[in-house]
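Below are some numbered points for a colleague who has the coordinates open.

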Amino acid sequence: MLLLTFHMSKKTDVLQGTLDLMVLKTLDTMGPQHGYGIAQRLLQVSERLLQLNQGTLYPALLRLEQRGWITSKWGTSENNRKARFYSLTRAGRKQLQREADDWQRMAGIISRLLGEPDGQP
Amino acid sequence: MTARELLARIAGAFGAGRRRDADLRRELAFHAAMLETRHREGGRDAESARRAARLELGGSAQIAEAWRDQRGLPGLDTLRQDIRDGLRALRRAPGFTVAALATLAIGIGANTAIFTVVDAVLLRPLPYVEPDRLVTVGDRTAAGFSSNVGFATVADWRQRSRSFESLALMRGWGPTLVVDGEAELVPAARVSWNYFDMLGVRPALGRGFTADDDRSASWQVLLLSDRLWRRRFNADPAVVGRTIVMNDRAFRIVGVMPAAYEPLAEQRYERLSAELWAPLGYDLSGPSSCRSCQHLRGFARLKPNTTAAAAAEEMQVIREQMRREHPADYETGTIAVIPLARALTGQVQAALYVLLGAVAFVLLIACANVASLQLARSVARRRELALRAALGAGRTRIVRLLLTESVLLSAGGAIAGVALAASAIHGLAALAPVSLPRLDHVSVDARVLAFTALVAMATGVVFGLVPALHAGRADPRATLVIDSRGSVGVRSRARSTLVVVDLALALVLLAGAGLMLRTVDALTRVTPGFDARQLLSFQFSLGGKAYATNEQVVAYEQRTLEALAALPGVERVALAGQIPFGGNYDCSALHVKGRMKPNAADDPCIERYGVTPGYLQTMGIPLRGGRDFTGDDRAAAPAVLIVSESTARLIWGHDSPIGSQVRIGNAERGPWITVVGVAGDVNHADLTEPPRAAMYNPQAQRPDASVAVLKTATADATAVAAAARRVVRDIDPSVPVYQVASLASLIGESGAQRRFVTRLLAGFAAVAVLLAALGLYGVVSYGVAQRTREVGVRIALGAQRGDVSRLVLRSGVPLVAAGLAAGTAAALVTTRYLGSLLYGVSPVDPATLLSSAVLLAGVALLAHWIPMRRALRIDPVRALQAD
């Protein structure tokens, strides 16, 4: 199980990529969703182990939008409040596919590496 | 970052389609509200739910900042923030800000001012079509330029050479223009018909010259400069086609040159440039076409893809061919093909680059001073910076903040500096020697502003980097906890280094200025071979039918001499064809009967002065042997000549030349002339050069007078100028009088370039010394302030005044010593660049270097004065109570 804590740091390129992947996948699964919904979903999926810093989430949403992978528009939430809803674009869907493949490949490598007897600490 | 993201960020940074911060606030408010709702549903009361929600969401300011970082271009928003912070910090320290701005304004202003001159004179391309292909062609002179050429020679070049697209010729000319009864000698030029085509300039009005215009029988057309057209012809467009008479010759005006046309600088002593042009009007049958007659300037346009060097190589081969074919007409020598830009400015390049180097030094000193001020201030600011670091500002962030601050300062200094420079340029141009070409084009323009901006930017980084890095290195925790004595050591070490640099640079400038002062001083002690005191000279021009015969000229001269001699305040008068420092050159070969050189062209060219009797006496040139001319040396009398000492030495060696028979110019023709006297040597044009060989012949036997010299009774020779002008005008109003000047001022002009450099260098050196002293003062007084307590203790323990003084001196004297040592080493390396400007003093003159060092040391010790008095006044009781 992954335990991720996000910092406002530029050094977490890998983690940033991971966050992008998680956001894209969330939107893919749930359809258009606001920032709160995405955060809740990640909390839920990670069984509350993934405490997402909102200072990371909102810039990430903006970044994904700037790259053209998601779009956003204002709408009305389930409890009748104005909220900004994010949804996946076609380019975003392709990007999700690519990133998911990369992740699988990397995860395979890592787990093979960790599985080797010599890899044990 | 993808291209698309970059575009989005640029749009975000500059407002287009930029999502407002308010949008994000609403989005976060929604997020918070949702969290709050969830907590309330979990059973909390309203207040604690809100608190829990806020805690979970995190600081909305941080989110907003991270989000803004993502929205705009990285750095742009922080830059905006840094500028705001920087301006605020500078406002909080007005004393520092004013001192830094003033220092920078001086440094940057001086650089801007000198750069405007360098740019206008040296860097700006000549205003002709493809100026890089324009060259001058001629034999290489001693100074490395191209000499005059002859018409017949160039006619051969045109046939044989392959390097040039066109070859054009020019000679200076001074016709007398009479419009509405007012005579004026107009600076002018006669040019080959293809001259303007070669430059790529067309008349603004009318037509240019054609090959038909340029024949000896028919040259009778004129082009006017825009200025002359406006000045004398009221800008009348109907002037084209009008006929005017100059020197009894009728000319038809065929065109007016554009206002923007810049004539090629011609006259050495005149700022005036040509105002009208006529065709050269030579052909190969004319008397001016002899192969040894060389009085034309040769210009050429290189073919595309040809270099000046390749053209010179080809021309050298042609030159050798021609010397083989006409051995008597061409001297040995090499051809010089010089890019036009260099030919026009070569003489002043060294001086201008020296000045540019010197102002760069001044700027460096200014930078060191401001850096030192910054360091001193950063001690006081340590707490502020430490607080910023503690609040999460990284080291790069703090360095950037401080750099922004220093660039802000240098930008302010640049603005003030440009204002300073703009007001200084007029003074600079007035101070500049007339030999600086294109000086009327000096102005603060976009190029200059770009240069200044660049300098300011570099300046800001140079003086900001040291303090910024120091501040970035400081450990925030240590600074916040430890009291104010924390890392003072590091800072004062850096400041000390800066002071040493200051002193070293100041010493270099002082030494340079000292060497130039010695040069100017040496030049004032050079005796030019004549007595320039109380001498007034003016030039006049005889032309036209009224002076077509020698008799007419001689008669005019006689009347003029008598009228001038009768003027009150005039002791002696003489006329001459040229005078020393008058800006004319007229040299001819001299052949001794029975000792003809196999190749006459290799004879030295000897300056010839046609003079009236009494010239030598009027000028105060001593007669070393033989006799002076008398009134009996008339046209009909036997031809006589006086030679100068160096001519005698050059041609007769140890023998006496008196009684020798000689011929001037052509060895084959002309009368035999008897040498009757030997005169002392005179400097003809340059005090720094050895006198040229010279000879004198009586005007009556070879009339060509154009200069009058008057020995006046008063020290101010120009006092009689107006009266002399009137006399000449009364004799014949059609004879123009010009260049009325005392000989002392003419000699002065020949040294003007050196004096210009000297004055500026001295000014820069003074500023440098002042800045260095201020820097040293800052460091020493800071040291005293830091050690108030220690000094107090020492005084309490019985230290004497001398002990305290020594304590203060100990903080500064090693710096002075290091600065002087470093400066001496640097001066030994750099002053050699002054070489070509120096006279009578070596670039590494020990006396100059030593006195500069002593002077600087004296000023440096003075900088200890105030801090020392303050130290002596320290009250031990108070010093110990403080803190």
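1. Contact here means heavy atoms within 4.5 Å. This is a predicted model, in which local features need pLDDT of at least 70 and side-chain atom pairs count only at pLDDT 80 or more, while totals for chains, interfaces and linings use all residues. Residues are numbered from 1 along each chain as its sequence is written, chains are lettered from A in the order in which they are written, and side-chain values use heavy atoms, with hydrogens and water left out.

2. The contact between the two chains takes 28 residues from chain A and 26 residues from chain B. Chain A and chain B bury about 2500 Å² between them, 59% of it on carbon and sulfur atoms; buried area is the accessible area (1.4 Å probe) that two parts lose on being put together, summed over both. Of the area that chain A buries against chain B, 29% is supplied by Tyr36(A), Tyr58(A) and Gln66(A), more than by any other three residues.

3. The rule finds 2 salt bridges across this interface of chain A and chain B, a salt bridge being a side-chain nitrogen of Lys or Arg within 4 Å of a carboxyl oxygen of Asp or Glu. Arg84(A) forms a salt bridge with Glu27(B), and their closest N and O atoms are 3.5 Å apart.

4. On the side of chain A that touches chain B, at least two residues come from each of α2 (35-45), α3 (54-66), β1 (70-76) and β2 (82-88) of chain A; helices (H or I, at least four residues) and strands (E, at least two) are DSSP runs, numbered from the N terminus. The largest share of that side, 8 residues, comes from α3(A).

5. In helix α25 (residues 865-872) of chain B, Pro867(B), Met868(B) and Ala871(B) are buried, where buried means under 20% relative accessible area, with exposed over 50% and partly exposed in between (1.4 Å probe, protein chains only). Why do they lie on the same side of α25(B)? They cover an arc of only 100° around the axis, the arc being that of the directions from the helix axis to the C-beta atoms. The buried residues of α25(B) pack against α21 (752-786), α22 (788-796) and α23 (801-830) of chain B.

6. Ser706(B) lies in the loop between β22 (694-698) and β23 (707-712) of chain B, and Ser706(B) is buried, with a relative accessible area of 18%. Leaving aside neighbours within four places in sequence, Ser706(B) is in contact with Phe538(B), Gln539(B), Phe540(B), Ala576(B) and Gly577(B). The backbone oxygen of Gly577(B) lies 3.0 Å from a polar atom of the side chain of Ser706(B).

Note on methods. Polar contact = N/O pair within 3.5 Å; in protein donor to acceptor, adjacent residues only side chain to side chain.
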